[in-house]
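Please read them with the model open beside you.

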Amino acid sequence: MATAAEDKNKKDVVISVRGLKNSFGDQVVHEDLDLDVYRGEIIGVVGGSGTGKSVLMRSIIGLQTPDAGDITVFGESTIDREETEAVDIRKRWGILFQGGALFSTLTVAENVEVPIKEFYPELDPVLLDEIASYKVVMTGLPADAGPKFPAELSGGMKKRAGLARALALDPELLFLDEPTAGLDPIGAAAFDELTKSLQRTMGLTVFLITHDLDSLYAICDRVAVLADKKVIAVGTIDELIALDHPWIEEYFKGPRGRAAIATQETQEAMSAEAPQRTGAE
Amino acid sequence: MSDAAAFSDDGTAGTLRFSGCLSLAKLGDLPDRLAAYDGQVQRLDLSGIERIDTIGAWTIHRFAQKTGADVEGLTTDGQHLFDQVVAADQPVSIRSERVPAFQRVLGEIGHATIQAGNTFVGLLGFLGATTIALGAIIRHRRFRFNATVQRFEVVGVSALGIIGLMSFLIGIVIAQQGAVQLRQFGAEIYTINLVGRLSLRELGVLMTAIMVAGRSGSAFAAQIGTMKLTEEIDAMRTIGVSPMEALVVPRILATTMLMPLLGFYSALIAIIGGGLLCWISLGIPPVTYIQQIREVVPISDVYVGLIKAPVFGAIIGMAGCFQGMQVEADAEQVGLRTTAAVVQGIFLVIVIDAFFAVFFSSIGWL
């Protein structure tokens, strides 16, 4: 299914990064980095610690001004935009930061309401409360989490609440920064399942930064590998392994990678409708 | 690209046909119009829509629930989304419940009282813990010399500039105000008494304490609080390093030992500032000024200042470290605790200062 959609929308580029350069002082993080993300896909971004995965995300969403390069999202440049500009783009994306980044003085449900109130102030308050309610439940939080403050939540619940806020506006593009880090395997699998199901139902494009090999195998249509200051390869996991790059080999074929493959194969054997990834491109 | 959401009924058959984009951006006043619709409805036909998102689905679901109508005509993906939204229909409260104002005020008073009591007990406990830590340090001879000296620099040496400037200006202000008032009696010469005695006995130490509370007490609370948040303190405990010995004792020692020095320094600079004003505005030459100071300021004033200073220092250091150690859960607390450290420090210093005033006058150091 994902394959067919991808082929059809091959040219429909949502995020385009060209010649990106980022540096902090003398330390160059990115140089000449190119990346395209297509509509409707879940792209996983992997790379060793310190290869600038989060910096790449921050550059794309305009929180970090790059030294050089072009970045367009939905066909519009995001570089050097003020917070108040590019409102149209901001309505169309949702971002989940690593720690959830919930507003600490607001309850979970009020956190979800913030973006809706900001962009659609004329919305009926009753409808607004209803929307916040079902978003909270939809992201797998218990119903009594609504009036709680972020400080009262566990790490996993914070992530779900952050996701609920990221999804508040029903965005087309979702950025997830290590969503499953720090979650237990059951919670992480549930989160993966949630992401996949939201992507399927809402036609989301997902930009997923992760270290979680299970997530990569379970939900990503394509994987971009960050190394040597650039994206060294993009493709399905099978294609990446076929590339014969030592780091990629190590990453996917290491003990953890093998375990993830084994899990995946069992799951595919169990469910007949598991998406076929082998023929993606 | 796409049209606003709309619906039309076909008169009597009881079917509402929807068209356009059922998404947040295109929803417009559809919810209001649906709420105002009062015809009989059996079926909601969604086959004509271009796109549906969860908010559109929710609006339809609400309406279907209200009228008891069936929803049909959705694509497979659309139906999946709709089902998910329906499955998420559970009552969730948005905010915690509102309590009547009278009850809330009572609750807040009770809460504040309990908190004040807890803080007092906690502070006493902290004093005990610090004493035990000091005892352990002396018994086991594992004094952290480097950490303490480093605190000395931060608390003392780097504060010299700002405390000097502050004291100099305060000296000038005392002298100027004193001169204006005393001139009415032709007693300008007593300005010198005023500056000398007030600086050494009260203001030098008190103003220094306020400055140290603002500079170092707050810093202690913020540093220790942040370390608590990042679990550094827990890590220290597991390694066997006592945070009381490694973090708290050096800081409290630093404020306790440096307050007398800073207070005395502050008083001297204030006297210099006052002297400058006396010279310029009253025409009292520096030599006369210094001679007069030596005559009118009893040595007991110096003792009073020097005895109070370490006590103030200990209070400020203890309030800062205590509040830092109280930080839990989130970053917001660091800010609250830092504020509390400064407020508590200054408040306690002034309370103790009042006790000292009574004490010294009753032992005859007037």
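This is a predicted model: local features need pLDDT of at least 70, side-chain atom pairs count only at pLDDT 80 or more; totals for chains, interfaces and linings use all residues.

1. Two strands are taken to pair if DSSP finds at least two bridges between them. Helices (H or I, at least four residues) and strands (E, at least two) are DSSP runs numbered from the N terminus.

2. Residues are numbered from 1 along each chain as its sequence is written, and chains are lettered from A and ligands numbered from 1 in the order in which they are written.

3. Back to the pair in chain A: S1(A) and S2(A) make a hairpin with two residues between them, and A:Gly25 in the turn has a positive phi of about 65°. A:Phe24 faces A:Gln27 in S2(A). S1(A) also runs antiparallel to strand S4 (residues 68-73) of chain A, with five bridges joining them; there A:Lys21 has A:Ala68 as its bridge partner.

4. Do have a look at the open sheet of six strands in chain A, whose order is S6-S7-S8-S3-S9-S10 with mixed pairing. Strands S6 (93-96) and S10 (230-235) of chain A are at the edges with a single partner strand each, so one side of each has no neighbour in the sheet. On average, neighbouring strands of this sheet are turned by 15° against each other, direction ignored. Axes here are lines fitted to C-alpha atoms, for helices over the stretch in contact, and angles run from 0 to 180 degrees between N-to-C directions.

5. Within that sheet, strand S3 (residues 42-47) and strand S8 (residues 205-209) of chain A run parallel and are joined by four bridges. A:Val45 stands opposite A:Ile209 in S8(A). Helix H2 (residues 53-60) of chain A packs on the sheet, where it touches S3, S7, S8 and S9 of chain A, and its direction makes about 145° with that of S8(A). Contact means that the C-beta atoms of two residues, placed from the backbone, lie within 7 Å.

6. Turning to chain B, you will find 13 helices and five strands. Its radius of gyration is 35 Å, well over the 21 Å that the globule rule gives for 366 residues, so chain B is more spread out than a compact globule. The radius is taken over C-alpha atoms, and the rule is 2.2 Å times the number of residues to the power 0.38. Along the principal axes, the C-alpha atoms of chain B fill a box of roughly 110 × 60 × 45 Å.

7. Which helices of chain B cross at roughly 100°? They are helix H5 (residues 101-140) and helix H10 (residues 243-282), whose axes come within 10 Å. H5(B) and H10(B) are therefore roughly perpendicular, a label for angles of 65 to 115 degrees. The residues making this contact include B:Ala133 and B:Ile137 of H5(B) and B:Val248 and B:Ile252 of H10(B).

8. Last, the contact between the chains takes 25 residues from chain B and 26 residues from chain A. On the chain B side, helices H1 (24-27), H3 (54-67) and H4 (76-87) each supply at least two residues, and H4(B) gives the largest share, five residues.

Conventions. Angles under 35 degrees count as roughly parallel, over 145 as roughly antiparallel, 65 to 115 as roughly perpendicular and the rest as oblique.
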